[in-house]
There are 2 protein chains.
Amino acid sequence: MNQRIDHTLRGSWTSAPAAEAHLPPHALRWLRSRTGLGTTITPEAPGSVLAVPDSRLGSTVRTALAEVVGEAHVLVDRDARLGRAGGLSYVDLMRRRGAGEPDVPDAVVLPADPEQVQRVLEVCVEHDIAVVPFGGGTSVVGGVNALRGNKNAVISLDLVHLDQLVSVDPVSHTAVFRAGVRAPDAERLLAAHGFTLGHFPQSFERATLGGFAVTRSSGQASAGYGRFEEMVVGVRMATPQGEMRLGGVPASAAGPDLKRLVIGSEGLFGVVTELTLRVRSAPRVKHYEGFILDGWDRGADAVRELAQARALADVTRLSDVDETEVSFELSGGWKVKVLKAYLRARGVVEPCMLVLGWETGSPRELATRRTAALRRLRRFRPVALGRALGETWRKGRFNGPRQRDVLLDAGVCVETLETAATWSDLTALRTAVRGALIESLGTHGSSPVVMCHISHAYETGASLYFTTLTPRSADDPLGQWQRAKVAACEAIVRHSGTISHHHAVGVDHAPWLGAEIGDLGLEVLRAVKQRLDPTGVLNPGKLVGDAKPLP
Amino acid sequence: MNQRIDHTLRGSWTSAPAAEAHLPPHALRWLRSRTGLGTTITPEAPGSVLAVPDSRLGSTVRTALAEVVGEAHVLVDRDARLGRAGGLSYVDLMRRRGAGEPDVPDAVVLPADPEQVQRVLEVCVEHDIAVVPFGGGTSVVGGVNALRGNKNAVISLDLVHLDQLVSVDPVSHTAVFRAGVRAPDAERLLAAHGFTLGHFPQSFERATLGGFAVTRSSGQASAGYGRFEEMVVGVRMATPQGEMRLGGVPASAAGPDLKRLVIGSEGLFGVVTELTLRVRSAPRVKHYEGFILDGWDRGADAVRELAQARALADVTRLSDVDETEVSFELSGGWKVKVLKAYLRARGVVEPCMLVLGWETGSPRELATRRTAALRRLRRFRPVALGRALGETWRKGRFNGPRQRDVLLDAGVCVETLETAATWSDLTALRTAVRGALIESLGTHGSSPVVMCHISHAYETGASLYFTTLTPRSADDPLGQWQRAKVAACEAIVRHSGTISHHHAVGVDHAPWLGAEIGDLGLEVLRAVKQRLDPTGVLNPGKLVGDAKPLP
């Protein structure tokens, strides 16, 4: 079923068609003049130049693992191991470019089904080997970095062969998938039955359903289709203490919803092997369009109005002035010049771009929902820019990772981070995080670009998604970002934001989880882990990891 | 704030205006001819005739508790204790009528605020006293029965004085409430700010917000306003290991959602003292109407269509043929005769009543939503009965408990139970549970009435709510029901239903929880309890209680 198995996955977005993987020259020129970026281009070095330590996996364990999955599915070669050394954070990508050492697993194990996953866990417990579950490898918070913890060796448990659609129930609108199914494959498989999941995070092209579940993923159309956690009807998880099967009914009051303890558990309690997901009829009509609102506060008020009237479009995304400006500059050309002149003529001082996208079953449904939303928008005096802008956004919506590779080549320190807060706290939170990033990244004498958008809106609040671009420090490219990240996280915690709205915790956010759920909350997570994984083989150092904040 | 504090709460629905607390004579006549019910009327005996054991609370503990809450708020008198002996299940009510022994607490403690709750827990841990948190006392699954477990004494911790609205955030649409606020008070307090919770379970008149949270409550309008668990933005819980504060942001990926572990925990992990809830603008337009569909399967298909098209009314409720017939018979009179003739003339063979209710912000919103729903309904050939039937249902929607008291007086064994399953499993589940109830209750030579409705619909499935009426066994009124309940629970578990969709687990469903979440799921709950309540003072015997299924 999966013809794209790539046992030597690399960190960069290698599946990108070359045509899309570049920045237009005018965009680079603008970035140079805006940030003080130099002109050196340093493409990613081939993996072969990186120092990779030898595998520490003993032959006894290797034999035991091979007995479960077959010899061909225990990989210890350099490329296979290096390919699962980490995810896709800036730090991960820079490590693959030779800055700092990647966390390379001692072996990659490829089980064929849930039963093999269960047995692999048993072997790892018996031999006291750390296990890092690996799906699409798209974590940007260190969630799949192959840390050993207190174990002598660590394997990456790659679920690439758990790629089946097990069954579809067209009456109940549910589908059972193995956890290793990638999002595009899931959509393709469901499309044959007339269904969709509607889950489109930026990691869509690579990420897996199991990964979505254990990280509490949110997609670009989650206002319409719901966050991934809301789609999970049932879950099957292999743990060192045996298999758990939870859920299956549409709703229940049979004690706490233990599914919700599995969702977001980031591989610490077990390995999710199968998911029963709520599916929806595939939309027949897709309609995206763009608007400009004058100023962040007005824009945020407009989005809040839509959310609280339950009139959100399926995609509802508001960019701040800086992000809107960058969008314009990256597009360039005479059309943007005309647009800017038009906006000035309309009296718009601080253009903020709003993209609304509907995916509906019929033109009538689209008309009804769109009319309701536009009626609500009216008093915020939006300037309608039509479908072209919306479609441009839609077509480019998975391009971020590709563009990042190109920006890295060009010497940019480029990264994103995100949070969420109540509407009351949102403006102060944005100001604080933005300020922390600019101050920290600006210390190198350059002028960082810090842009922000609301990616997800709810009745009680919204998420904030920040992207930073700044010339990379030659001496300390990792420390440069890590200091900025710490400053941003401290600002988030101080201003009642969540440490992550949809990127999860991993290694990077673990030092701040206690600020959010309290010491007792951490203790509850540890108690559950202790019960399910008493020897602590599963994903050491993540989520409740004992990592301390960086200095 | 709370002027209705009744320290001698009784089991029956005493706040009912007398006018509503009766059945019309023709209804009773019909019931007698239908079920073989006799003519004896036995009103509830006064509480004073019941044997209540002396309080076992030692004077040292009593003094320690009085030091926390004040002497006037440690009650050991007979009536106060008897008033917290249980909830409102048939068994609870019959115990108060002298059949079997109520589980009477040794004292009732009335803390004034979250800090006092915390300190009461500390006293109880120090003296090894069991604690049963008590809100509205409306549990129908034994959730508030004052069981001692392995402790020498048990107190009922009544949160009646935690009755404050702490704050409202009109920008973020959230409100902070103390956990003991009763639902009608919450609505009244919010109405002053133009908001509503929109949570209307049948227990509405008495139940508390804290109770809604710890039992995963669902209300009659939950299709529109969401289940209670979906309204909880933040929670504050006192535990023997200290206070937990969770949530606050609209959405997060910061590890598993621990709020969801508190929600549904039924007082086993701690005592919920405060809730931050999502509120909505109070509806300006309410519109309820009734329809008849021909046959259960067609009715269920129609509701499924509405759910999967996301066109459900805020209240969507489908009665089966038996429940529809009972509704008609209880109403009686010439109008029902005309209605029946009309339905026959329309060719309706098996009338199933569908109530749809919308609560919207404007007539336009009502028109849009109603039109969308009716368009979907059309192919199921509904017979529209207009607003009168819908309004009749709405006005009587909290009358169930009152009618039950009258039915008990008349010698009826009357009880309800509920479950939920996917659409694919729903018909077989309904047939099985119905069959089990009829077979079990029919063994006494009588003809039980077993009726059912879909109370809540979801994209992937629906709930089923059963009501049974049968002449009460004079010899063994408790055993008669308990055997039927066991038969129904076994049928539910065998047919992929949840053991509870919204009544929770308590004592009554504990024997079947393992069938739903597995032994490992039970172990996870026990691990969390062990961490938060290591000496096991909190609500012994509930949820993961070691109760075995009745023989």
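Guide: Contact here means heavy atoms within 4.5 Å. By that rule, 77 residues from chain A and 77 residues from chain B take part in the contact. This is a predicted model, where local features need pLDDT of at least 70 and side-chain atom pairs count only at pLDDT 80 or more, while totals for chains, interfaces and linings use all residues. Residues are numbered from 1 along each chain as its sequence is written, chains are lettered from A and ligands numbered from 1 in the order written, and side-chain values use heavy atoms, without hydrogens and water.

Visitor: Why is the pair A:D257 and B:R216 called a salt bridge?

Guide: The cut-off is a side-chain nitrogen of Lys or Arg within 4 Å of a carboxyl oxygen of Asp or Glu. A:D257 and B:R216 are 3.8 Å apart, N to O, so the pair qualifies. Chain A and chain B share 8 salt bridges.

Visitor: What makes up the roughly 5800 Å² between chain A and chain B?

Guide: That's buried area: accessible area (1.4 Å probe) lost when two parts are put together, summed over both. Here 61% of it is on carbon and sulfur atoms. On the chain A side, A:P250, A:P256 and A:L520 lose the most, together 11% of what that side buries.

Visitor: And how many salt bridges link domain 1 and domain 2 of chain A?

Guide: The rule finds 0 there. Those domains, 165–281 and 285–396, come from an automatic or database assignment. They bury about 480 Å² between them, with 7 residues of domain 1 of chain A in contact with 6 of domain 2 of chain A.
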